[in-house]
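These are my notebook entries on one chain, set down in the order in which I looked things up. The structure comes before the entries.

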Amino acid sequence: MITGIDCSKDYFDIAVLKEGKSAFKGRFTNNLKGFKDMLPHILDTHVAMEATGPYYFQLARFLYDSGIRVSVVNPLVIRRFAQMRMSRAKTDKKDAMVIAEFAQMTSPRLWEPPTAAIQSIRNLETYLEGLKQRRHMLSSQLHAFEAAGTIDKLLYNEIKEEVESHDKRIKEKERQIDGLIKQHYEEMAGNIRSIPGIGPRSVSMLIIATDGFSMFENYKQVISYFGLAPRIYESGTSVKGKGHICKIGMGQVRKVLYMAATSAIRCNKACKDLYERLRDKGKPYRVALIAAVNKLIKQVFAIAKSGEPYKAQFG
């Protein structure tokens, strides 16, 4: 028996398949009461759900702690599966059924919750990103007031003190994150840091996002998870479209990786050669840069799994 679950903020829909046929459909509130109400309907099933932002996690954790086999799947994979099946309807109940059909056909790997260390670091990273956004807003506001010449000294000092307070908190959170990375992933972080073009920020983001690369069996899965898989439209020889990346993924990780790739195309031979080769062929800058990002991910994955520092052959 297979169960597909489609989660949203306030509720979730489930579709249970038995021997390939619909056995139960239902909607429950996305809270502990809804979890308990749903449980009798999915006993002895393999449950599959999408990694939909923060909404799936508590339910996935509840299922895991209840001894239910659960898989958490990249939404991009489900979307592609639905397109392959030519499924046009877009409803929560239909989505749950599509997820169940996908799990029945593919038997996705079982999910385990991230370690306590990874969860702590992720929370700190999320808070840190919010601090940086608020600091940027205040700084821009202060600059606008200064440019207009309309701000009085009292308000100027107040905003400036708030900016400086954010700077201190940002540094403190970065120190906490670095300390946790060093405590739990020191060897892996050091090895990944040895790759030319990869800085401390990239190291921590990659380890956090992948749960120390324990979630993946190959680098292509990492690329897809981050939403960096190329998507090309081409029909025969008459219609050609620009290359795009699949946007489903973690935007903050992509931003950090773009910065790392910008550095890597100057100092990492494999990335530099690939980038220059694509540019010489007339490929747009962004296409070549994304290719360099994916090359970096391939190198990082090899290093993380090998347990050894960077060597030229990993390129």
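In which helix does Q141 lie? I find Q141 in helix α5, which covers residues 116–148; helices here are DSSP runs of H or I with at least four residues, strands are runs of E with at least two, and both are numbered from the N terminus.

Before going further I note that this is a predicted model, in which local features need pLDDT of at least 70 and side-chain atom pairs count only at pLDDT 80 or more, while totals for chains, interfaces and linings use all residues. Residues are numbered from 1 along each chain as its sequence is written, and side-chain values use heavy atoms, with hydrogens and water left out.

**Entry on Q141.** I looked up the exposure of Q141 and found a relative accessible area of 38%, so the residue is classed as partly exposed; the class lies between buried (under 20%) and exposed (over 50%), with a 1.4 Å probe and protein chains only. Q141 and I159 are 18 residues apart in sequence, and I read 8.7 Å between their C-alpha atoms.

**Entry on the whole chain.** I count eleven helices and nine strands in the chain. Of its 315 residues, 42% are buried. The chain exposes about 17,600 Å², of which carbon and sulfur atoms supply 53%; the areas come from the Shrake-Rupley method with a 1.4 Å probe. Taking contacts (heavy atoms within 4.5 Å) between residues at least 6 apart in sequence, I find that 61% join residues at least 24 apart.

L180 is found in helix α6, and, leaving aside residues up to four places away in sequence, L180 touches S120, I121, L124 and Y185. For the pair L180 and S120, 60 residues apart in sequence, the C-alpha atoms are 8.5 Å apart in space.

I then looked at how helix α6 (residues 153–193) meets helix α11 (residues 285–306): their axes come within 9 Å and cross at roughly 145°, where the axes are lines fitted to C-alpha atoms over the stretch in contact and the angle, on a scale from 0 to 180 degrees, is taken between N-to-C directions. The contact is made by M188, N191 and I192 of α6 together with V300, I303 and A304 of α11.

Most residues other than glycine have a negative phi. Which class, buried or exposed, does D44 fall into? D44, not a glycine, has a positive phi of about 65° and sits in the loop between α1 (32–42) and β4 (46–50); its relative accessible area is 69%, so I record D44 as exposed. F213, also not a glycine, has a positive phi of about 65° and sits in the loop between α7 (200–210) and α8 (219–225), but F213 has a relative accessible area of 1% and is therefore buried.

**Entry on S107.** I find S107 in the loop between α4 (92–106) and α5, where its relative accessible area of 53% makes S107 exposed.
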